[in-house]
Amino acid sequence: MTHRPTIPGFTEHRVAVDDGVTLHAAVGGTGSPVVLLHGFPQTHLMWRHVAAGLAADHTVICPDLRGYGASGKPAADGPDVYAKRTMARDVVRLAAALGHDRFVLAGHDRGALVAFRAAMDHPKAVSHALFLDVLPTLDMWDALRGVSGAVGYHLYLMAQPPGLPERMIAACAEDFFGSFLDAWTHDPQAIPAGVRAHYLAASAAAVPSIVADYRASAGVDVEHDGADRAAGNRLAMPVSVLQQDWGAALGYHAEGLWSAWADDLRHRTVSCGHFMAEEDPRLIVEEIRALAAR
């Protein structure tokens, strides 16, 4: 059996959050709570450096999202199973089960989409929100156009009806998932061989649920974001966003798009790669501390 890496000093928990669905989470530190949500194609381990940096004065909760890592992977027998609304509810229930009804929430990539929905749906639980290298789902689809949108080819692949995408990805899972770790990392040393192997094995074992997560973002998640936009709903808490300069390549103004969702917004363009929690963890720790102080 392959050894699964852990975050030193953190304890592992399994918490039931829905019928037949349990989340795996690493928890450590003491103080006010911070919940960290991982991206694709990763697990909670992507936060290992950030979690260690925050643990001196925060209780840090790092779950594997529904469908990822060691968390439950229910069959996608309906559109809501992997809706970000459902995954956000998982996170709020997890934090409550661990004794925290209000917390700072940070998310990267797919985890940032879950964090966005949690912040929209549960403003009493999410006191502050940090989003790393992502646009809200509605804006993401609008930004992907023309040949420059080919960078998001996987979004279109996994949006297709069930069957073919799962078979295609499963046939070359390590190559598929590894290609993103290679293409989106400025510093390959930030993801050492053992961690990379863990990500690839965990993702290869979760192809149906990962595809279902992405498929939801081409359907029900768009509906939920669209309903909030039509109603004029906005994020009620202090918000920070760190992004690469994707807007320069894809022709959009990232800060302007985020401003449409948040009044109290701090937006920064950064120079590290997509996996910024591993490439520049000190930056992320500082940003979370600054956000929590607002």
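Buried, as used here, means under 20% relative accessible area, while exposed means over 50% and partly exposed lies in between (1.4 Å probe, protein chains only).

A quick word on the background. This is a predicted model, where local features need pLDDT of at least 70 and side-chain atom pairs count only at pLDDT 80 or more, while totals for chains, interfaces and linings use all residues. Residues are numbered from 1 along each chain as its sequence is written, and side-chain values use heavy atoms, with hydrogens and water left out.

**Charged pairs**

Let's start with the salt bridges (a side-chain nitrogen of Lys or Arg within 4 Å of a carboxyl oxygen of Asp or Glu). The count comes to 20 salt bridges. Here are some of them:

| Pair | N to O distance |
|---|---|
| R289 and D57 | 2.7 Å |
| D213 and K84 | 2.9 Å |
| E287 and R268 | 2.6 Å |

Where do these partners sit? The helices (H or I, at least four residues) and strands (E, at least two) are DSSP runs, numbered from the N terminus. Take the salt bridge between R289 and D57. R289 belongs to helix α14 (residues 281-292), and D57 to the loop between α1 (48-54) and β4 (58-63), so this pair links distant parts of the chain, 232 residues apart. R289 is partly exposed, at a relative accessible area of 30%, and D57 is partly exposed too, at 38%.

Next up is D213, which forms a salt bridge with K84. D213 is in helix α9 (residues 207-216) and K84 in helix α2 (residues 84-97), so the two tie together parts 129 residues apart in sequence. D213 is buried, with a relative accessible area of 0%, and K84 counts as buried at 3%.

Then there's the salt bridge of E287 with R268. E287 lies in helix α14 and R268 in strand β8 (residues 265-269), so parts 19 residues apart in sequence are tied together.

**The nonpolar core**

In soluble globular proteins, nonpolar side chains tend to be buried together. A nonpolar core is a set of buried Ala, Val, Leu, Ile, Met, Phe, Trp, Tyr and Cys residues joined through side-chain atoms within 4.5 Å. The largest one here has 104 residues, and L36, F131, L235 and I284 have the most contacts inside it. Helix α3 (residues 110-121) gives this core its largest share, 8 residues.

As for contacts (heavy atoms within 4.5 Å), leaving aside residues up to four places away in sequence, L36 touches several residues, including W47, L54, P63, A106 and I288.

**Aromatic rings**

Rings of Phe, Tyr and Trp (its six-membered ring) pair if their centres lie within 6.5 Å; planes under 30 degrees apart count as stacked, over 60 as edge-to-face and the rest as tilted. The whole structure holds 14 aromatic pairs. In one of them, the rings of F40 and F177 have centres 5.8 Å apart and planes at 65°, so they are edge-to-face. F40 lies in the loop between β3 (32-37) and α1 and F177 in helix α7 (residues 173-183), so this pair ties together parts 137 residues apart in sequence. Both F40 and F177 are buried.

Ring pairs also join F40, Y153, F176, F177, F180, W184, Y214 and F275 into a cluster.
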